[in-house]
Amino acid sequence: HNYSTLFEAHGLICSQVLVTKEDFRDRLHYRNMLNCFDILLQHDIIPVVNENDVISVTELMFTDNDELAGLIASMINADALIILTNVDGLYSGDPADSKSVVIEEVDPSKKDFASIISTKKSNFGRGGMLTKCYMASKIAQLGIAVHIGNGTRENILRQMIAGKVIHTRFLPFKGVSGRKRWIAHTDKYSKGIVQVNNGAKQALTGLKASSLLPVGITVIKGEFKRKDIIKIVDEDEKIIGLGIAEYNSEKAVELIGQKNQKPLVHYDYLYLEQENH
């Protein structure tokens with residue numbers, strides 16, 4: 001009601017959209033949500049999205065609303081994601097230290113935020129700045145600029161959009177397809193692990209688009225069916241990417257190391273961690 005009243009003052013209509021993490025796991029649910037957002041936005045209706053607490057299971061809840069916002073931004077391929085908190089952005093040290101300054105730009109390839117971020121949580125939610133930065137980095141890797149700023153400042157959104165206020169901006173990589181954006185967020189739902197040799201790793205992460213072929217596979221862990229999400233790791237068990245299996249784990253085991261076989265994961269259904277590019 002509060003949202004409706006506030007938006008109405010600007011001649012805007014808003015709608016409530018309730019989702020769960022399971023909705024992002026299921027490709028059909030995901031497509032239905034995307035269609036719903038598209039229609040709402042086409043009719044200038046502002047979707048206000050929240051977690052459906054009535055049916056959410058604790059272990060499958062979103063870390064916080066920032067994670068949910070990141071998933072939505074990725075789904076609709078937003079131009080930008082703005083996260084508002086109670087500080088001006090990501091600092092070079094403890095925000096309470098006068099020597100600390102706001103880091104205004106972050107390269108999306110940066111991974112180590114723990115060394116500069118205090119573990120103290122914001123008053124606004126379950127996650128702290130560390131959680132925000134890891135999520136922001138992942139979204140930036142998908143081609144979406146992410147801004148973190150101080151939501152307690154007057155007219156903060158206008159100022160951030162106009163570039164008139166100090167805040168942190170995560171620079172975006174080039175965009176990826178909608179299917180790959182969905183796969184990027186399914187790591188917690190992967191059904192099996194496929195370990196590959198260095199040759200396959202180099203082929204997958206090289207400049208030329210490559211599919212995952214059985215000849216480069218060394219180990220299959222866990223069971224999966226065709227169309228399941230599988231995790232791809234290197235010889236040191238470091239994640240390379242995620243993909244949709246073209247056939248089940250039983251057949252994949254039979255084909256390990258064999259040449260001239262159908263790809264286990266086609267390139268069009270393969271999401272690679274950007275740090276390996």
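1. Asp234 is buried, at 4% relative accessible area. Buried here means under 20% relative accessible area, exposed means over 50%, and partly exposed lies in between (1.4 Å probe, protein chains only). Asp234 forms a salt bridge with Lys201, and the closest N and O atoms are 2.9 Å apart. Lys201 is in helix α8 (residues 198–205) and Asp234 is in the loop between β9 (229–233) and β10 (239–244), so the pair ties together parts that are 33 residues apart in sequence. Lys201 itself counts as partly exposed, at 21% relative accessibility.

2. A word on the basis. This is a predicted model, in which local features need pLDDT of at least 70 and side-chain atom pairs count only at pLDDT 80 or more, while totals for chains, interfaces and linings use all residues. Residues are numbered from 1 along each chain as its sequence is written, and side-chain values use heavy atoms, with hydrogens and water left out. Helices (H or I, at least four residues) and strands (E, at least two) are DSSP runs, numbered from the N terminus.

3. How many salt bridges are there? The count comes to 5 salt bridges. The rule asks for a side-chain nitrogen of Lys or Arg within 4 Å of a carboxyl oxygen of Asp or Glu. One of them joins Asp66 to Lys132, with the closest N and O atoms 2.5 Å apart. This pair links distant parts of the chain: Asp66 is in helix α4, Lys132 is in helix α5 (residues 129–141), and they are 66 residues apart. Asp66 is buried, with a relative accessible area of 12%. Lys132 is buried too, with a relative accessible area of 5%.

4. Another salt bridge brings together the side chains of Arg153 and Asp88 (3.0 Å, N to O). Again the pair links distant parts of the chain, 65 residues apart. Arg153 sits in the loop between β5 and α6, and Asp88 in the loop between β3 and β4. Arg153 counts as partly exposed, at 38% relative accessibility. Asp88 is buried, with a relative accessible area of 14%.

5. Next, the sheet. It is an open sheet of 4 strands in the order β3-β5-β6-β4, with mixed pairing. β3 and β4 (105–106) stand at the edges, each with a single partner strand, so one side of each has no neighbour in the sheet. Two strands count as paired if DSSP finds at least two bridges between them. Strands of a sheet pair through backbone hydrogen bonds, either parallel or antiparallel.

6. In β5 (residues 145–150), 6 of the 6 residues are buried, so the strand is largely enclosed by the rest of the structure. Ala145, His147 and Gly149 point one way, while Val146, Ile148 and Asn150 point the other way. β5 runs parallel to β3 (residues 80–85), with 6 bridges joining the two. Leu81 stands opposite Val146 in β5, and Thr85 has Asn150 as its bridge partner there. β5 runs antiparallel to β6 (residues 168–170), with 3 bridges. His147 stands opposite Arg169 in β6.

7. Which residues make up the aromatic cluster? Ring pairs link Phe24, Tyr30 and Phe62. The whole structure has 3 aromatic pairs. Rings of Phe, Tyr and Trp (its six-membered ring) pair if their centres lie within 6.5 Å; planes under 30 degrees apart are stacked, over 60 edge-to-face, and the rest tilted. Phe24 and Phe62 form an edge-to-face pair, 5.9 Å centre to centre with 85° between the planes. The pair links distant parts of the chain, 38 residues apart: Phe24 is in helix α2 (residues 21–25) and Phe62 is in the loop between β2 (45–51) and α4 (65–75). Phe24 is buried at 4% relative accessible area, and Phe62 is buried at 2% relative accessibility.

8. Two lysines sit over tyrosine rings. A charge counts as over a ring if NZ of Lys or CZ of Arg is within 6 Å of the ring centre and within 35 degrees of the ring normal. Lys227 lies over the face of Tyr269, 5.7 Å from the ring centre. Lys251 lies over the face of Tyr247, at 5.0 Å.

9. Last, a contact across the sequence. Arg27 is in helix α3 (residues 27–42) and counts as partly exposed, at 26% relative accessibility. Arg27 and Arg179 are 152 residues apart in sequence and 9.1 Å apart in space, C-alpha to C-alpha.
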